[in-house]
Amino acid sequence: MSQGSRDRVRAWITGESLDDFALFEDIVGDIGSVADGALLFFQGRVRGTNRGRAVSRLSYEAYGEMAERELSAICHEALEKFAVGSVAAAHRVGELTLGEVSVAIAVTSEHRDDGYRASRWIIETIKVRLPIWKHEHYDDGESHWVGAPMQGAEARPGGSRLE
């Protein structure tokens, strides 16, 4: 089955749960190929601590259309950089509780090594380029925008907004 790169990518920003693997299995079934012997899933979940602080919940905000375009661009770049057959990626926005999936990535490839490398590159690139901001809420009642842009000389060019 011959497919253009446009047909081999699904990328979206959503307020809906990403916890269900079946959603990604269906998508990969639509955009994958029988030539792909490996299917790799990655889920980033809300964890209970960050940098030694107890986290109670997270909220994500995004510049919706721009974020979706950028996520799609990242996935298409992965097709060009790595020997992968298809990529599906989604990022949550809104309020998330502990254990919920905030980001999910599925990659198909002929061999597993290519899938692992592509998935790692995708998540690291998302952390730097995607216009989504994470607001951590702590058990002690405080909150903090993680990776919020710093002012003045302290700003790190190309630095990550998400951790």
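Reader: What's the phi of arginine 51?

Author: Phi of arginine 51 is near 50 degrees, a positive value in a residue that isn't glycine.

Reader: And is arginine 51 buried or exposed?

Author: Arginine 51 counts as exposed, at 67% relative accessibility.

Reader: Switching to confidence: what does the chain average in pLDDT?

Author: The average is 87, and 86% of the residues score at least 70.

Reader: Where is the pLDDT below 50?

Author: Over residues 149-161. That stretch has 16 contacts in the model beyond near neighbours in sequence. Still, where pLDDT is low, the predicted coordinates should not be read in detail.

Reader: What happens at the start of H1?

Author: Aspartate 20 has a side-chain oxygen that reaches to within 3.0 Å of the backbone nitrogen of alanine 22.

Reader: OK, cores. How many residues does the largest nonpolar core have?

Author: It has 29 residues. Those with the most contacts inside that core are Leu71, Val84, Val87, Ile105, Ile122, Ile126 and Leu130.

Reader: Which elements give two or more residues to this core?

Author: S1, strand S4 (53-62), H2, S5, S7, H3 and strand S8 (132-138). H2 gives the most, with six residues.

Reader: Pick valine 84. What does it touch?

Author: Leaving out residues up to four places away in sequence, valine 84 touches Arg8, Ala78, Leu79, Val107, Thr108, Ser109, Asp114, Gly115 and Ala118. There's also a second, separate core of 11 residues, which includes Trp12, Leu18, Ala88 and Ala104.

Reader: New topic: how many salt bridges does a search of the whole structure find?

Author: Nine. One of them pairs glutamate 70 with arginine 129, with the closest N and O atoms 2.6 Å apart. That pair links distant parts of the chain: glutamate 70 is in helix H2 (residues 64-81) and arginine 129 in helix H3 (residues 112-129), 59 residues apart.

Reader: How accessible are glutamate 70 and arginine 129?

Author: Glutamate 70 is partly exposed, with a relative accessible area of 23%, and arginine 129 is partly exposed too, at 29%.

Reader: What about the salt bridge of glutamate 100?

Author: Its partner is arginine 92, and the N to O distance is 3.3 Å. Arginine 92 is buried at 5% relative accessible area. Glutamate 100 counts as buried at 19%, because the cut-off for buried is under 20%.

Reader: And which side chain meets arginine 117 in a salt bridge?

Author: Aspartate 114, at 2.9 Å, N to O. Arginine 117 is partly exposed at 41%, whereas aspartate 114 is buried at 15%. Elsewhere, salt bridges that share partners join Arg53, Asp140 and Glu142 into one network.

Reader: Last one: where is valine 101?

Author: Valine 101 is in strand S7, and it is buried, with a relative accessible area of 0%.

Reader: What does valine 101 touch?

Author: Not counting residues up to four places away in sequence, the list is Leu18, Asp19, Gln43, Gly44, Arg45, Arg92 and Leu96. Valine 101 and aspartate 19 are 82 residues apart in sequence, yet 5.5 Å apart in space, C-alpha to C-alpha.

Terms used. Residues are numbered from 1 along each chain as its sequence is written. This is a predicted model: local features need pLDDT of at least 70, side-chain atom pairs count only at pLDDT 80 or more; totals for chains, interfaces and linings use all residues. Side-chain values use heavy atoms; hydrogens and water are left out. A salt bridge is a side-chain nitrogen of Lys or Arg within 4 Å of a carboxyl oxygen of Asp or Glu. Helices (H or I, at least four residues) and strands (E, at least two) are DSSP runs, numbered from the N terminus. Buried means under 20% relative accessible area, exposed over 50%, partly exposed in between (1.4 Å probe, protein chains only). pLDDT is the predictor's confidence in each residue, from 0 to 100. Contact means heavy atoms within 4.5 Å. A polar contact is a pair of N or O atoms within 3.5 Å; within protein, one must be able to donate a hydrogen and the other to accept it, and residues adjacent in sequence count only if both atoms are side-chain atoms. A nonpolar core is a set of buried Ala, Val, Leu, Ile, Met, Phe, Trp, Tyr and Cys residues joined through side-chain atoms within 4.5 Å.
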